[in-house]
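I opened a new notebook page for this complex. My plan is to look at how the chains meet, then at each chain in turn.

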Amino acid sequence: MGNMKLTLKIWRQNGPNDQGKIVDYPVSDVSEDMSFLEMLDVLNDDLVRKGEDPIAFDHDCREGICGMCSLFINGEPHGPGRGITTCQLHMRMFKDGDTIHVEPWRSAAFPVIKDLATNRSALDRIQAAGGFVSVNTSGNLVDGNALPIPKDDADTAFDAATCIGCGACVATCPNGSAMLFTAAKVSQLSLLPQGKPERKRRALAMVEQMDKEGFGNCSNTGACEVECPKGISISHIARLHREYLVATVTKE
Amino acid sequence: MSTLDSKIPPGPIDKKWTDHKGHIRIVAPSNKRRIDIIVVGTGLAGGAAAASLAEMGYNVKAFCFQDSARRAHSIAAQGGINAAKNYQNDGDSTYRLFYDTVKGGDYRSREANVYRLAEVSANIIDQCVAQGVPFARDYGGLLDNRSFGGVQVSRTFYARGQTGQQLLLGAYSALMRQVGKGAVQMFDRHEMLDVVIVDGKARGIIARNLITGEIERHGAHAVLLCTGGYGNVFFLSTNAMGSNVTAAWKAHKRGAYFGNPCYTQIHPTCIPVSGTHQSKLTLMSESLRNDGRIWVPKNMEDAKAIREGKKKGSDIPEADRDYYLERRYPAFGNLVPRDVASRAAKERCDAGFGVNKTGEAVYLDFSAAIQRYGKQQANMQKVENASPEQVRELGTAVVSEKYGNLFDMYENIVGEDPYKHAMKIYPAVHYTMGGLWVDYNLQTTVPGLFCLGEANFSDHGANRLGASALMQGLADGYFVIPYTVGDYLADDIRTGPIDTKRPEFDAAEKEQKDRINHFLNNKGTKPVDDFHRRLGKVMWDKCGMARNAQGLTEAVTEIRRIREEFWKDVRVPGTANEFNQELEKAGRIADFLELGELMCMDALNRNESCGGHFREESQELDGPQQGEAKRDDENYAYVAAWEWLGEAGKANLHKEHLEFNEVKLTQRSYK
C-alpha cells in the first residue's frame, strides 16, 4: 500500500431523473502505482464493507482500447495526461493532499444512468445510420490485394479508424458536439476505395442522425482534438465538412 | 444423456468442408423470415455471426453486457490475424497453416476443424478488406505481413498494434448496418443468465437488463453463445474486467458438455503484478519478442542485489547475463511458443533469479536491438564515426517506430522509461483453449445451442498460436455458422414463434430471480471481490503454469471452502431493480467458483503435460529434452468433455478420441 492521502469529490446521482450532488470521500493509503480506477475499486471495497452504496462507473478492458471508461476528472475527460483513457491514468499523476473532482460525461445526448455511468447509445445510432460499407458476408469477394491502396491513404484512414467511441470529444466540447466522432468514421471510409460508392449517402445520413440525437454544433474550439485519447485530428472534421458539402450540392 | 458425435464429414481432409456445405440442408429465403436466432456476445465471433445471419434473412436478437456492441474484448487483441494467403511467397499454404496449428496445439485438437479454419482464413482477409478494415500496407499499396511465434512463415496480417480493434470495428459496422435496417435487434447492457430448454432443444434465454434490473425472456429457434473465454477465474488476467463464464457455464448446467476446461494459455510477456490493489494485468504484444531479448542474471548475488534495489539491470555485464531462451532453444530462441516461454520464465524465477521486488519478473531487453538498428541507420545515413550516443539515438528511433505505442503503454503503467531500462515482464493468464464442447457444426450437446469463438473448445488444442484467436472468431462467425445453423433450422420452418409463456421459461426465470434475491438478502460481511481474489490465488498457485496431483487435490478442497463461505458471507448492496454492478459481479463469481473446481478436476485427470497444461509428474527426465513437457498419446489423445451431474464438483467424463490421419504425432521440439 502507498501513503498518499486524497480528497475525492464525486458526483452521486441515483438515476436519470435524480438531481444528483457532489459527495466528499477522503481516501488514504493510495499508492502511486495504482491506476485511477483501482483507486476507486479500493474506495468501493471500503464502501461495501461499511454497508454504503458503491460508486457506479463504466469500465471494462482497463488497457485503453474498449472505450468504456469515461470519467470527467478535474474538468477534463479522462483526467490530466494526454493520449490516455481514464483506465490508463495512474495515481503518480497526483500529489499527496490533492483534491480531485470526479464527474460523469456531461451532454444532453448522454443521460446519466447512475453516478458516473452514462448512456452513450446515441453514438451507436450514428454508426447505424451509415458508418459502414454495404457489403454482405461472402466467400467470393475479390482478393484483398486486387485493389492496392496508396500507403498514405491507408495510414490516414487508419488514424481516423483508431477512434474508440468513448465520447470524450462530446464531453469536453462546450457545444456537446459529436463532430469528431462522426468525422472519424466518415473520413476513414471516404479515404478508402471500398467506401467511396456510398460516401454521399453516408455523410448525409450520419450528420442527420447526429443532429437528431441532440448533439450540438461544431464551432471549431478544437477541445475535442486535445482531449481525444487517440489523438484524432480535427482535420477529419474539415474532411467531413467537404464530404457533407459535396453531398448536399450534388445530391439528386 | 447425450452421446459425443463429432459429426466429422467423410472424405479426404481438403474436401470435407466443401462436400459438407454442398450436402447439408438449407433454409429457403422465404422461410428464414420465420426463424429467430439469439446471438449472445458481440465480439468477433458474435458480431460476425449476428451480421451474417441477418444479411441472410433470419431475425436476429444480439446481446452484450457492455454499453455497446463495439466494446467486446476482441477489441484488445494487439498483434494480428493469421491467413494462408502466401503473399510473401514463403511457401505458406492451407496445409502449412493447418499443420502449424495442430503442432502448436500440441496435438490435442480435431484435425477436420483445424483444416477448415485454415481453409477459410484467406476469405476472412478479403471480407475485412471489403468492409474497409485498414490493414497495414506497404508502399506498393499491398497488404503487409509479419511473423509470430512458433511458425516459420510470415502470414500475420495486422493493423499497427490494434488489429483486434480494427477487425471488431469491421464486424461491428456490419452489425450496425443490420441494426439500422431492423434485421438485428440489439440488446446492449443485457446479461444472459440462463438458457431455456424446451423438449430437449435450446429455445431461448433469460437475460437481465442491467440498467433497470428487469428479468426478460427471449425466445428463439436457435441460441448462439459467442461469449469469450473464462481467464478471469484467475482474478488477475489480461481479460477485460467484465469477461465471464456465466453464459457458457449456465449452458453447461443445462446439458452442454464442457471440453478441456484445464487448457489455459499463460502469455509470457505481461507487465508484472505491482501490488495487492491490482485489478488486471496488461499484455505486451508477442511481436516484441522479434527484437527484445529475454534474460535474468547468471549469478544469484546479482539477482538479489537487483531485487533489493542495489543494482540495475544495466549494471550487469554481458558475460553475467543468462539469455535462457536462446540458451535452451537455439533454433527458435526468443520466439518459442507461448507455453514454452512462460514455463522457462517461471523456472528461472522459482530458482531465485527474478528481477523485481516480488522476485517474479524477467528482463525483456531492447538494448541489443537499439545498437543493431542504430549502427544500421548510421551506415544508411552516412554518419561517419557515429558516437555511442548517436547510435543509441538512431536505434531508439527505429525501435520507437516499430513498437512505440507498446513502449508508451509500459511507461504509463510502470513509470519507467523502457528505452533506457530493460522492460520487466512476467507471464499472465491470457486465453482459454477449453470451452463448451462442439461438433463439426459448432453445435453443443444441447440441440439448437451453438458455441463460437473462444467460448468453444475446438481449434487450438492445448495451446493457441499467436494471431489465431482472431482468425477463429471470424471464421466461426462469418464462414462456418451461416452454413451449419441452416442444417439444424431446416426442421423449424413450421415451428412458428417460440412461446415464452411456457412453464420452462417460468421455471428458469424463477430460478434466476431467487438467486438474485439470495444475494441481496444475504447481508454478509465481505464484498464479492474478496472471494474472487482468493479463488484466483488458489487457481494461480495450484492450477496455473505448473500443476501436480497434490496441489490440484488441495485446490479442490480450498475452492469448495471458498464457495461455501461465499454463499454464506457475501455482501451485495443495493436492490434488484437498478443498475447494480456488485450484483452483476456476484452472479459471475458464483459461476467461476464452480468452474474453478471443474478445471482442477480436469487438470487432475489429465496426467500428462501438453501445451499450456504442464503436469510436473510428466516431464522428460533425461536426454536432450530434459525438463520439457512430456505428452502421453497412448492414454490422453482425447478431448475431455465433462457432463454436469446436478451439483458442483460432480461431473461425468466423456472422451472424444482424437484421430490423426494427416499429421504424425511427434514430440514438439523447438530446440
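**Entry 1: where the chains meet.** I am working from a predicted model. I started with the contact between the two chains. Chain B puts 66 residues into this contact, and chain A puts in 64 residues. I then asked which helices of chain B supply at least two residues each to the side that touches chain A. I noted helix H3 (44–56), helix H5 (111–131) and helix H6 (163–181) of chain B. Which of them gives the most? It is H6(B), with nine residues. I also sorted the residues on chain B's side by type. I got 26 nonpolar, 26 polar and 14 charged.

**Entry 2: confidence.** For the complex, the predictor gives an ipTM of 0.98 and a pTM of 0.97. Chain B has a mean pLDDT of 95. In chain B, 100% of the residues reach 70 or more.

**Entry 3: the domains of chain B.** I looked up how chain B is divided. I found domain 1 at 267–429 and domain 2 at 503–636. Taken over C-alpha atoms, the centres of these two domains of chain B are 33 Å apart.

**Entry 4: chain A overall.** I moved on to chain A. I recorded eight helices and seven strands in this chain. Its C-alpha trace spans about 65 × 40 × 35 Å along the principal axes. Chain A has 252 residues, and 53% of them count as buried. I also looked at contacts in chain A between residues at least 6 apart in sequence. Of these, 71% join residues at least 24 apart.

**Entry 5: a sheet in chain A.** I traced an open sheet of five strands in chain A, in the order S2-S1-S5-S3-S4. Its pairing is mixed. Which strands sit at the edges? They are strand S2 (21–30) and strand S4 (76–77) of chain A, and each pairs on one side only. I then followed one pairing inside the sheet. Strand S3 (residues 72–73) and strand S5 (residues 99–103) of chain A run antiparallel and are joined by two bridges. In one of the pairs I looked up, Phe72(A) has Glu103(A) in S5(A) as its bridge partner.

Conventions. Residues numbered from 1 in each chain as written. Chains lettered and ligands numbered in written order. Predicted model: local features only at pLDDT ≥ 70, side-chain atom pairs only at ≥ 80, totals over all residues. Helix = DSSP H or I, 4+ residues; strand = E, 2+ residues; numbered from the N terminus. Buried ≥ 20, exposed ≤ 12 C-beta atoms within 10 Å, placed from the backbone. Contact = placed C-beta atoms within 7 Å. Domains from an automatic or database assignment. Nonpolar A, V, L, I, M, F, W, Y, C, P; charged D, E, K, R; others polar. pLDDT = per-residue confidence, 0-100. Pairing = 2+ DSSP bridges.
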